[in-house]
Amino acid sequence: MNRVKGKLILITGASSGIGAACARRCAAEGANLALWARRQERLEELDAELRASHCVTVLVAEVDVRDRPAVNRAAEQLVGAGHVPDVLINNAGLASGLSKVHEGDPEDWDRMIDTNLKGLLNVTRAILPHMVARRRGHVVNIGSTAGHMTYPMGNVYNATKFGVRALTEGTNLDVAGTPIRVSSVDPGFVETEFSDVRFHGDKDRARSVYQGFQPLRADDIADAIAYIINLPEHVNVLDMIIMPTAQRNVYVVDREPAS
Ligand code: NDP
Ligand code: 8X3
């Protein structure tokens with residue numbers, strides 16, 4: 001059943017990967033969209049594509065989730081125009097680097113902690129009060145299998161995603177007494193720009209992450225999110241872990257040997 005048609009869905013990190021796939025999926029179901037990311041030109045291209053193919057309203061804004069005043073301004077703009085999101089998909093996030101903790105670059109740590117944890121908090125703090133005030137809403141945080149199990153050199157990225165899991169559980173407790181739902185979707189390997197970003201643009205290294213097996217596609221995660229946000233109001237998926245079949249845990253993957 002389609003329960004999102006006509007609703008407003010705010011997606012952070014909508015300029016690529018999972019966020020863009022969610023935007024396409026939600027627009028196809030008739031939802032109106034607010035799309036945030038830093039790359040405004042990517043958002044504008046997506047906006048044009050969605051408007052051409054679906055009869056929905058799309059509001060795009062260049063927002064760096066690390067920039068709390070910018071997040072607050074963008075939220076006030078939305079809410080001030082009467083657009084309180086029915087669903088918030090806290091998707092913006094990244095890994096930066098892959099090193100032993102005693103060899104890591106503190107700039108990478110700041111980038112991950114500021115985006116994955118503080119950025120998610122900034123957006124939640126700006127939007128959730130409006131959901132609480134009208135006693136309606138659903139927050140979907142994108143965590144990771146990296147938030148359930150550490151892997152070698154994952155250290156700080158793992159810590160941020162363990163933190164996202166704690167924030168999902170904590171936020172769910174904090175909205176007790178309201179009908180608001182808080183969910184987490186925790187994917188394993190999804191082939192997006194994620195590894196390009198992690199390896200600072202080293203495309204060969206990024207490609208090697210997904211070689212020899214069938215990783216998830218961003219659309220697979222958008223499907224799962226669409227399932228969760230279309231459930232009736234008395235049903236909340238607290239945490240959904242989704243892995244490629246070939247991935248058995250965070251670092252055990254059945255890979256075909258290179259020919
Ligand atoms: P992509 O790199 O393709 O997309 C990441 C998105 O986050 C981009 O739209 C990017 O937009 C946005 N973003 C990054 N930093 C900021 C910021 N400071 N402010 C606003 N937006 C930002 O990767 P994915 O789609 O794979 O990643 C989406 C989420 O999924 C992340 O939270 C990631 O941790 C999580 N995840 C990914 C997995 C994977 O294997 N790919 C597995 C498990 C979880 P822009 O650069 O334009 O700002
Ligand atoms: C992204 C998946 O395993 O590369 O969260 O950390 S992993």
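Visitor: Is Arg 248 buried or exposed?
Guide: This is a predicted model, in which local features need pLDDT of at least 70, side-chain atom pairs count only at pLDDT 80 or more, and totals for chains, interfaces and linings use all residues. Residues are numbered from 1 along each chain as its sequence is written, chains are lettered from A and ligands numbered from 1 in the order in which they are written, and side-chain values use heavy atoms, leaving out hydrogens and water. Buried means under 20% relative accessible area, exposed over 50%, and partly exposed in between (1.4 Å probe, protein chains only). Arg 248 has 53% relative accessibility, so Arg 248 counts as exposed.

Visitor: Which residue forms a salt bridge with Arg 248?
Guide: A salt bridge is a side-chain nitrogen of Lys or Arg within 4 Å of a carboxyl oxygen of Asp or Glu. The closest N and O atoms are 3.3 Å apart, and the partner of Arg 248 is Asp 254.

Visitor: What arc do the buried residues of H3 cover?
Guide: These residues are Ala 70, Val 71, Ala 74, Ala 75 and Leu 78. They lie on the same side of H3 because their arc, taken from the directions from the helix axis to the C-beta atoms, is only 130 degrees.

Key: Helix = DSSP H or I, 4+ residues; strand = E, 2+ residues; numbered from the N terminus.
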